[in-house]
Amino acid sequence: MAGEVVVDALPYYDQGYDEPGVRDAAVALARLPMEMLSMKRYELPQPPAGKMTDVAAWQECVDNSQAQLEHQALRILNLELMADFGVPGWKAYNEILVSMIEKAQKQLQDLRKKIQEVNWQRKNEQTQAGSKLRELETSWVGLVSKNYEIERACVELEKEIADMEERNAKMDKLNSGRVD
């Protein structure tokens with residue numbers, strides 16, 4: 001395992017595969033022969049050559065073969081159980097999945113309906129607010145125009161008052177000059 005290279009990549013997302021040497025390394029890894037399936041665990045070895053007459057070595061081999069036989073019997077039992085009960089189990093599992101999908105689709109439909117209602121409500125509120133804003137803006141423009149007209153009238157009145165005061169002052173000077 002020391003020199004083993006693990007390729008963990010998302011080629012459509014990851015960057016850097018165009019760099020020199022990276023592509024060659026990936027191709028070299030794909031060309032390596034695959035390891036053959038190890039059948040060692042299913043072998044029933046004899047005792048080593050030096051222990052062919054040793055009863056304990058033979059007993060160990062017999063124990064190993066009995067364990068292998070029991071393992072295979074257990075696998076056969078599991079396959080038989082799967083044949084008998086696997087199909088109904090998978091059918092029940094698939095029914096549960098279909099039920100879950102239907103519930104999820106119903107929830108999705110409800111959420112989409114709620115989203116549509118919220119969007120409609122927002123649109124309605126914004127349309128009403130827009131109308132109110134236009135109404136208020138029109139009112140504001142009218143009030144600003146009236147204020148301008150009032151200010152202009154005030155300026156004219158102040159000018160008239162100043163003119164009158166100036167005429168009165170001239171008249172007072174004229175009248176005071178006659179009385180002398």
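## Basis of the model

The structure is a predicted model, in which local features need pLDDT of at least 70 and side-chain atom pairs count only at pLDDT 80 or more, while totals for chains, interfaces and linings use all residues. Residues are numbered from 1 along each chain as its sequence is written, and side-chain values use heavy atoms, with hydrogens and water left out.

## Helix α2 and the annotated region

Helix α2 covers residues 55-179. Helices (H or I, at least four residues) and strands (E, at least two) are DSSP runs, numbered from the N terminus. The UniProt record, an unreviewed entry, places the feature "coiled-coil region" at residues 94-174. UniProt positions are given in the numbering used here, feature names are shortened, and annotations may be inferred rather than shown by experiment.

In the model, the span 94-174 is 100% helix and 0% strand. The C-alpha atoms at the ends of this span are 116 Å apart.

Q126 is also located in helix α2. With a relative accessibility of 57%, Q126 is classed as exposed; the classes are buried (under 20% relative accessible area), exposed (over 50%) and partly exposed (in between), with a 1.4 Å probe and protein chains only. Between the C-alpha atoms of Q126 and V27, which are 99 residues apart along the chain, the separation is 60 Å.

## Nonpolar surface patch

M82, W90, Y93, I96, L97 and M100 make a nonpolar surface patch of about 630 Å². Patches consist of residues with over 30% relative accessible area and no salt bridge; like charges are joined within 9 Å, and nonpolar side chains (Val, Leu, Ile, Met, Phe, Trp, Tyr) within 5 Å. The areas come from the Shrake-Rupley method with a 1.4 Å probe, and for residues only the protein chains shown count as cover.

I96 is partly exposed, its relative accessible area being 49%.

## Salt bridges

Side chains of opposite charge can pair when their charged atoms come close. The whole structure contains three salt bridges, each defined as a side-chain nitrogen of Lys or Arg within 4 Å of a carboxyl oxygen of Asp or Glu.

K106 pairs with D110 at an N to O distance of 3.2 Å. These two residues are separated by about one helical turn because they are four residues apart in helix α2. Both partners are partly exposed, K106 at 47% relative accessibility and D110 at 31%.

In the pair formed by E135 and K132, the closest N and O atoms are 3.9 Å apart. E135 and K132 are three residues apart in helix α2, so about one helical turn separates them. K132 is partly exposed at 44%. K170 and E166 form a further salt bridge, with 3.8 Å between the closest N and O atoms. Both K170 and E166 belong to helix α2, four residues apart, about one turn of the helix. For E166, a relative accessible area of 45% corresponds to the partly exposed class.

Q68, in helix α2, is buried at 16% relative accessibility. Leaving aside residues up to four places away in sequence, Q68 touches R41, Y42 and L44, where contact means heavy atoms within 4.5 Å.

L44 is found in the loop between α1 (22-30) and α2. In contrast to the buried Q68, L44 is exposed at 53% relative accessibility. With residues up to four places away again not counted, the contacts of L44 are N64, S65 and Q68.

## Cysteines

A disulfide is a covalent bond between the sulfur atoms of two cysteines. The structure holds zero disulfides, the criterion being a pair of cysteine sulfur atoms within 2.5 Å. C61 is buried at 18% relative accessibility, whereas C154 is partly exposed at 38%.
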